[in-house]
Amino acid sequence: FAGAISVSAFVQAADAVTVLQNQLKLATGSATAAATAYESLFEIAQRSRTSFTELGGTFASISRAGEQLGLTQRQLLSVTAAIGNAIAIGGQAAASSQAALVQLSQGLASGVLRGEELNSIMEQTPRLARALADGLGVPLGKLREMGQAGELTAERVIGALSKQQAVLSAEVQNSTVTVGQAFTVLQNQAVKSVGELD
């Protein structure tokens, strides 16, 4: 399958996989845990039709926050699945979704979601923002106010999204796959294949 992509795309994919594997080793603290997370994240990305490497980067950021909160790898993967599912349901362009994932990762890594990070999530991935609000039990409009007040801590965000995982999973199963999402699934497979050639 790797032969079907250009040399520059192959190099980019190989680099993305290497970066992801390094992030996972740092986030999980061991090669074995990283390998388990890698396989689980691939499955989550395929089910939620989101970018494998971007979702993996989000997981790594959540792991840093989760470590301080005493969360297990299973809990962290569940939150990551909720995020991937919310993005898939929203149906935004891949670039918008990836930008929102980066902003979410940065917010969680810093310990508080606010400002530019929160605005990006609300504007580019409205279903993720609604899942966050629903998980917190507040109206969507209240999120900005909470963000300004520093109330959207990593702990609260992770907890809120965890509560929405089952709802979001059911929504993804009942949604129609877009052409863009189908292409993302193929790209994920190609990226993973490149990683297996290392």
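## Tour of a predicted all-helix model and its pockets

Select helix 3: with 5 residues, helix 3 gives the largest share of the lining of the second largest pocket. Helices (H or I, at least four residues) and strands (E, at least two) are DSSP runs, numbered from the N terminus.

This is a predicted model, in which local features need pLDDT of at least 70, side-chain atom pairs count only at pLDDT 80 or more, and totals for chains, interfaces and linings use all residues. Residues are numbered from 1 along each chain as its sequence is written, and side-chain values use heavy atoms, with hydrogens and water left out.

**Second largest pocket.** Now select A16, V19, L20, Q23, T53, E54, G57, T58, S61, L101, V102 and S105, which line this pocket. Helix 1, helix 3 and helix 5 each give two or more residues to the lining. The volume is about 150 Å³. A pocket here is an open set of points on a 1 Å grid over the protein atoms alone, where a 1.4 Å probe fits, with protein on both sides within 12 Å along at least five of seven lines; lining residues have an atom within 4 Å of a point. Grid points are joined across faces, edges and corners, and a volume is the space filled by probe spheres set on the points. By class, the lining has 5 nonpolar, 6 polar and 1 charged residues. Ala, Val, Leu, Ile, Met, Phe, Trp, Tyr, Cys and Pro count as nonpolar, Asp, Glu, Lys and Arg as charged, and the others, Gly among them, as polar.

**Largest pocket.** Then colour helix 1 (7-28), helix 3 (52-69), helix 4 (73-90), helix 5 (94-110) and helix 11 (179-197), each of which supplies at least two lining residues. Helix 11 gives the largest share, 9 residues. The lining divides into 15 nonpolar, 14 polar and 2 charged residues.

**Helix 7 and helix 9.** Select 126-136 and 154-163: the axes of these two helices come within 7 Å and cross at roughly 95°. Axes are lines fitted to C-alpha atoms, for helices over the stretch in contact, and angles run from 0 to 180 degrees between N-to-C directions. Helix 7 is therefore roughly perpendicular to helix 9 (65 to 115 degrees). Show L128, A131, L132, G135 and L136 of helix 7 against R156, V157, A160, L161 and K163 of helix 9, which make the contact (heavy atoms within 4.5 Å).

**Zoom out.** The protein has 11 helices and 0 strands.

Notes:
Parallel < 35°, antiparallel > 145°, perpendicular 65-115°, else oblique.
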